[in-house]
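Welcome! Take a look at it first, and then we can go through some of its details together.

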Amino acid sequence: MKIRNILFALSTTLVLSTGCKKELELKDPQALSPQDAFSTDGNIKKVLQGGYDALSSGNLWGGNLQMYPDLMGSNGELNWVGTFNNYREVWGKSLLTTNTLVSGTWSSAYNVINIANGIIANIAKVATADQGRVKGEALFLRGAMHFELVRLYAKDYTDGTASANLGVPLMTNFTASTADITKPARNTVEQVYTQVIADLTEAETLLPASNTVFATKAAAAAILSRVYLQKADYAGARDAANRTIISATSSAGGSKTLLTSFMANFNQAANTAEDIFAIQVNDQDGTNNMQTFYSVDIFGARDGDIEIEAAHLALYELTDGRRSSTSNPSASTVFNTAFYTKYSANRTTKFRDLYKNVKVIRLAEMYLTRAEANYRLGTTVGDSPLNDVNRIRARAGGLLPLVAITSVNEIYLERRRELAFEGFGLHDAKRFKRTIDGRPWNDNKLVFPIPFREINANSSLVQNAGY
Amino acid sequence: MRKNHVLLMGCTLFAVSVVAQNRQVTGRITDSRTGAPVSGATIRVQGSNTAVVTANDGSFSISAGANARTLVISSVGYTDQQVSITSGSMNVQLVSSERSLDEVVVVGYGVKNRREVTGSVGKVSAADIADRPLASIDQALQGTVAGVQVTQNSGTPGGGISVRVRGSSSISASNQPLYVVDGVPMITGDFSQLGYGGQSVNSITDLNPSDIESLEVLKDASAAAIYGSRAANGVVLITTKRGKAQKTRINVNVYQGFQNAWRKPDYLDREEFLTIMKEALVNDGYFTGSETRNDLIDWWYSSSTLTAAQRGPFLFDNSINTDWVDEVFRTAAIKNYEMNVSGGDAKTKYYLGGGYFDQEGIVIGSRFRRWSGRLNLDHAVSEKLNFGTSISLSRSMNNRIVSDNTLYGPFANSLAAQPLWPVRFNGAYTRPNFFYSNPVAEGTENDDLAENLRGFGNVFATYKITSGLSVTGRAGFDVYNLNERRYTPNTYPGNSAAGTNGSATSGKSINTRVFYELTGNYKFTAGDHKFDILAGTNTETNKSDVTSVTGIGFPGEKFRFVTDAATVNTGSNVENSNAITSALARVYYSFKNKYLLDVNFRADYSSRFAPGERWGYFPGASFAWRIKEENFMKNAGAISDLKLRAGFGLLGNQAFGNFSYLTAYGGSNYNDQAGIAPVQLGNKDLTWEKTEQSNIGLDLGLFDRITLTADVYYKKTRDLLFIRPIPAQNGFGSYASNIGNVENRGLELALNTVNFKGTGGGLKWTTDFNISFNKNKVVSLFEGRDIFYGFGGNSIVLREGQPIGTFYGLLFDGVFSELKDVPAGRQAAGIMAGDANYRDLNGDGVITDDDRTIIGNAQPKFTGGITNTLSWRGLDLNVFAMFSYGNKIWNAAGTYQEGLFGGFNDDNQRTTVLARWQKPGDITMVPRATTDVSVNRNNEANTTRFIEDGSFLRIKNVVLGYTLPKSTLQKIGVSNVRIYAQAQNLFTFTKYKGFDPEVNFAGASNTTLGTDFYTFPQMRQITFGLNVGF
């Protein structure tokens, strides 16, 4: 009797527990499996969209990739006064391997690359008509990120032997699960450049001339021109810049053109006619670290972490419209000068306002790249260097055209004025072999270290010299 | 003869009426300690079925047969007593069964007498906490239960606290114990979506402490194994008060009081501040020393970031000398009103309680209020079937302030604000430090409100199939709704909504737990063999629905809700769920009450793991030998109890992400278009953290006056949840896995003594003392590698062989008195006299990060408490002290508060900097004032300069009470009146120089411990209370 009762109680409990099983088969309502994410044409295109979102991270083109070259390459032109030590270390060329920006940018870039690899691996599932564009965009993302990594985390292409110097690991396979985890070693600088050129060249072929705010033929060619320029392949740079200009200014490419006003480029929510590629930011979504750190609190930024020094203003001719300045504005002051003074320091207006897009490639850069490459090669592909440079000077306002170009340094100077704070400082200084804050252009401290956590997680990685 | 009795007692209420053959026995039952009447006690005439229950005033009257000799008196919470029937009114004092062998101890799924317990179980009963102004019941465990270390972390009203049962066993999953209220696991943790610095919202505060009958802590694995996969951090069983079969009792309890800071470290005044500022500029060569005060102010503040208008004329006004800490501190009120009604008859019993608790924080802008109600019902349908409920509803309103690591906290900013600024100038707030906003504005102008509504309870039914066999079904729920709102106006300089013109956020979090359970219980005795068998199953599902929306751009500060925002720019809504189902069983066997064996088993199936890894099995067993029952001990009269206990068990911890096992892709939008992007890499092998614990204990009683409980334990946790790093080249930086071991070993002693028995209303004095020694050690980590974390990212290290909470940094050996004292290598690097002398551990001649080492740890060597309770006639005095010894506190804020203008940081300074180095020959531990930070690392945070001894002894609580004598009460017609005065944190003895030694800027964090960084300090509370029973 007693035993039977116990058995009764136990069997009741067992029935109850099996009855509950269904409630335990829970799904994460906010997540898809990787199989689902890459299952259909529609989903893969959404993953591509996610790839751009990853690209827009503050660690990448949401601002940091543009800020690092100007902070590290400041050469007395700008001053990090903010409280964040991680940026201060970039500016001071005193990076620790544990710096969170060093690891953040590294992992964010490889996140974009992995998304691109996932799209490329599943490209067959995309509607045939769109396969070229989608693959082209994925290759653009992968190529651009490998390029950004190699020029930050490795010696410059022209420093020593590129085929012997360590670059960054090239990732072309998709990590779908823990089974795919690899511990790749660093490829050489040469290998990385080769892969980047291959990816971007194919992307340029596959991409359409116009593609709303996403990667276009011109955008791929523009990054390609930067790649060639960095490796001092001026013919490649010239031709890529020229192709960019041709494609972008064509009606199929959206008839891009230099804006009449220099300042009309900046603090824009939508892409302008001069933007070849920009990261989209609005009040709903997106990060603009340029605004956060270059602007000041009255415009919704931090307290003005980056001050512009007199050494930078000295680059301009006094009448240059790109040097104009407003003194001590308040939040309600309407002004559109290139600089303003606030809290007793000069600030750039380029990134003044909240929720505006982040510049990545402007058409103006392509004219200057074409000019420089043509000048170095003694050619006039597309147009003469003088015409290209004067085009930029004329638009700046307040300047007379040059009558002749007597040195490539004149074009470099124009580049520093036109593209100031837009992410060229360190990279161009290395190309022109300039001394930066007393350090030679190929100083070890002008190269980012491999992040401490990566060295820890991957024993095949070798640390850069000087760290 | 009988007539005489009547005459003798004529003046009392307890007249004895005369019934033929029988006599009427009358009397009154009181508590031996307090003298308070004991109502509801059962009086039975031995050898008969006659029984009565005492009235509210403790009186009884029972008819006894002529031959009856003895009355048996019993009442819950008291030791049964047999007394001879005497003539006249009998006054019987019942002795509380607490701490005696008859003490009832709640164990998982049942109750036991203390003598039957085989595991390690600590208890706090209602009487222990009766007069303490506790906001939250978990505070009651502080210093009262051996082996339980409770850290308050801050003085934030309604804030979360850390409870560690036998040390920290996890590094990534939770270390907080499981709270089970009347059989249902409670939702615990912080569900706030808004950042307020380190201090969290504590969802346990929704329980009104005065509704609690007892708290039991299941400390060892054998006791806790019945709670399986969630018991690794111990289990706290909370039992609420229930009605008794007695006449209705109404109890009203009111207290009210005030609170203020018990200590305020000194900060520089205007004169001192400017003197040191100037000294720094002279040291650095900016000034020659001949400049005037106005030159100094002009130089410093015009070269910074202020316009002339912002600077105002006041900076030059020497009469302004603001003490900002005083501006944000206040004398804060605390009050509590509550009433409960309980009673019932043999069939139906009830407890109905309601309360209002209101505590202001000692920092402006903070306040916690709670309204709570509870209804506990028991109804017997028949001899066999019982129903019951245990239901509470509560609401709380928490006005929060940002603290700890922030630029926007009233308290934090008050420590940085300079004395040169008035609070307001021409009606407008000033900005008394460029990096921080006005502290008073932060505490006054913002809305920061967290409101919650919580329903928590269960219904249960027990059916007795036979006398020993019963089945209980229980269904419970916990619905926790948290509504939060924040509004930051753009009305004072430096506010966080500058640039967005006002910002408002509304967050809602609805957390629902549904629990059902069926247990069968079978008890039987066969000769000397006694069995108590339990088997059961339960299922718990949890769902959370979290919504948040933010708007910016407001037409004015009168408009404070998102609907008036120009732009609604962030919105989210997330749903999440998890579930667990379990089967459990226990066999308790006792042979001759001498050998006791308790075997537990629980199997848990959790949705948090991949199919295939979901089942976890958690066995536990304990054995006790009651040596006192052996024949050879019968004559050892001095020894009233002697019991040896031993137990072993395996427990789990699954307090981590709901879907960590899944590789997940989530929403990722760009350019206002929907996208998908990877979120995490899953791990199909993810499983429970497992804690093995063995325990050996001894219970010793001497002369019925002294009890000693000693336990030693060894606790080893393996398969720690660890976010394993992988090369980020794979697109992911890490995935959740099970790696590493942590161990805790310790000794706990609890000694309770009755120093004076207090018979007949004389002096009674008892002492309860407990002390716990726990040694925590990280045994193994992923690839044996150190993990750096903590404030600043590298101040605390997890290292094999070291405890959790190990501080890391440079060793500070004082300040170089003269240049010749500076080693050549460091002179070459630019170190001067007056700079910090750090130890060059690697001997390379310079100080680099390679010279960092372990510089202390936050784990105490021992903690404990001592309670002395004295009563004499109507007076009672309770003094409770707690202590912690050997723990270090890292005053991380020192880098700013004692930074001596390094890096042009002009935060106000602690007066410790008055002892700074000023000229060669000065011997001091405080470096020179200098703005230069390029090489000297003078004020670096992670150094022993800022590591302090955090040991303390704190008179946590003192209560002095007076119970009005019965004669007075009769006149006013109430059964019980007690008045008392109470003081919390009356005295604190510590070497720590900050605001409070019970501190952690990271709140109830698992692994970031003992760090002081602008943390809201604790207060001293004085309250006065009145307790009236009808």
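## A buried charged pair

Let's begin in chain A, where Arg417(A) and Glu414(A) join their side chains in a salt bridge, with N and O 3.0 Å apart. A salt bridge here is a side-chain nitrogen of Lys or Arg within 4 Å of a carboxyl oxygen of Asp or Glu. Both residues belong to helix 16 (residues 408-418) of chain A and sit three residues apart, about one turn of the helix. An α-helix has 3.6 residues a turn, so residues three or four places apart point the same way.

Are the two partners buried or exposed? Arg417(A) counts as buried at 7% relative accessibility, and Glu414(A) counts as buried at 1%. Buried means under 20% relative accessible area, exposed over 50%, and partly exposed in between (1.4 Å probe, protein chains only). Both residues also belong to a network of salt bridges, whose members include Glu274(A), Asp320(A), Arg393(A) and Glu422(A).

## How to read the model

This is a predicted model, in which local features need pLDDT of at least 70 and side-chain atom pairs count only at pLDDT 80 or more, while totals for chains, interfaces and linings use all residues. Residues are numbered from 1 along each chain as its sequence is written, chains are lettered from A and ligands numbered from 1 in the order in which they are written, and side-chain values use heavy atoms, with hydrogens and water left out.

Helices (H or I, at least four residues) and strands (E, at least two) are DSSP runs, numbered from the N terminus.

Over all chains, the structure holds 84 salt bridges. One of them pairs Glu202(A) with Lys135(A), at 3.1 Å from N to O. Glu202(A) lies in helix 9 (residues 189-206) of chain A and Lys135(A) in helix 8 (residues 128-153) of chain A, so this pair ties together parts that are 67 residues apart in sequence. Glu202(A) is partly exposed at 33% relative accessibility, and Lys135(A) is partly exposed too, at 24%.

In chain B, Lys264(B) and Asp326(B) form a salt bridge of 3.0 Å, N to O. Lys264(B) is in the loop between strand 17 (246-261) and helix 4 (270-283) of chain B, while Asp326(B) is in helix 7 (residues 324-328) of chain B, 62 residues apart. Lys264(B) is partly exposed at 29%, and Asp326(B) is partly exposed at 43%.

## Two enclosed helices

Helix 7 (residues 100-121) of chain A has 22 residues and reaches 31 Å from its first C-alpha to its last, close to the 32 Å expected at 1.5 Å a residue. The expected span is 1.5 Å times one less than the number of residues. Of its 22 residues, 18 are buried, so helix 7 of chain A is largely enclosed by the rest of the structure. At its start, a side-chain oxygen of Asn99(A) comes to within 2.7 Å of the backbone nitrogen of Leu101(A).

Just after it, Ala232(A) takes a positive phi of about 60 degrees.

## Where the chains meet

How many residues of chain B are in contact with chain A? There are 69 of them, in contact with 77 residues of chain A; contact means heavy atoms within 4.5 Å. Together the chains bury about 6,100 Å², 59% of it on carbon and sulfur atoms. Buried area is the accessible area (1.4 Å probe) that two parts lose on being put together, summed over both.

The count between the chains is one salt bridge: Arg431(B) with Asp297(A), the closest N and O atoms being 3.3 Å apart. Strand 28 of chain B gives the most to the side of chain B that touches chain A, with 10 residues.

## A sheet in chain B

Finally, five strands of chain B form an open sheet in the order 10-15-16-13-14, with mixed pairing. Two strands pair if DSSP finds at least two bridges between them. At the edges are strand 10 (121-125) and strand 14 (184-185) of chain B, each pairing on one side only. Strand 10 of chain B pairs with strand 15 (residues 212-218) of chain B in the antiparallel sense over five bridges.

Conventions. A polar contact is a pair of N or O atoms within 3.5 Å; within protein, one must be able to donate a hydrogen and the other to accept it, and residues adjacent in sequence count only if both atoms are side-chain atoms.
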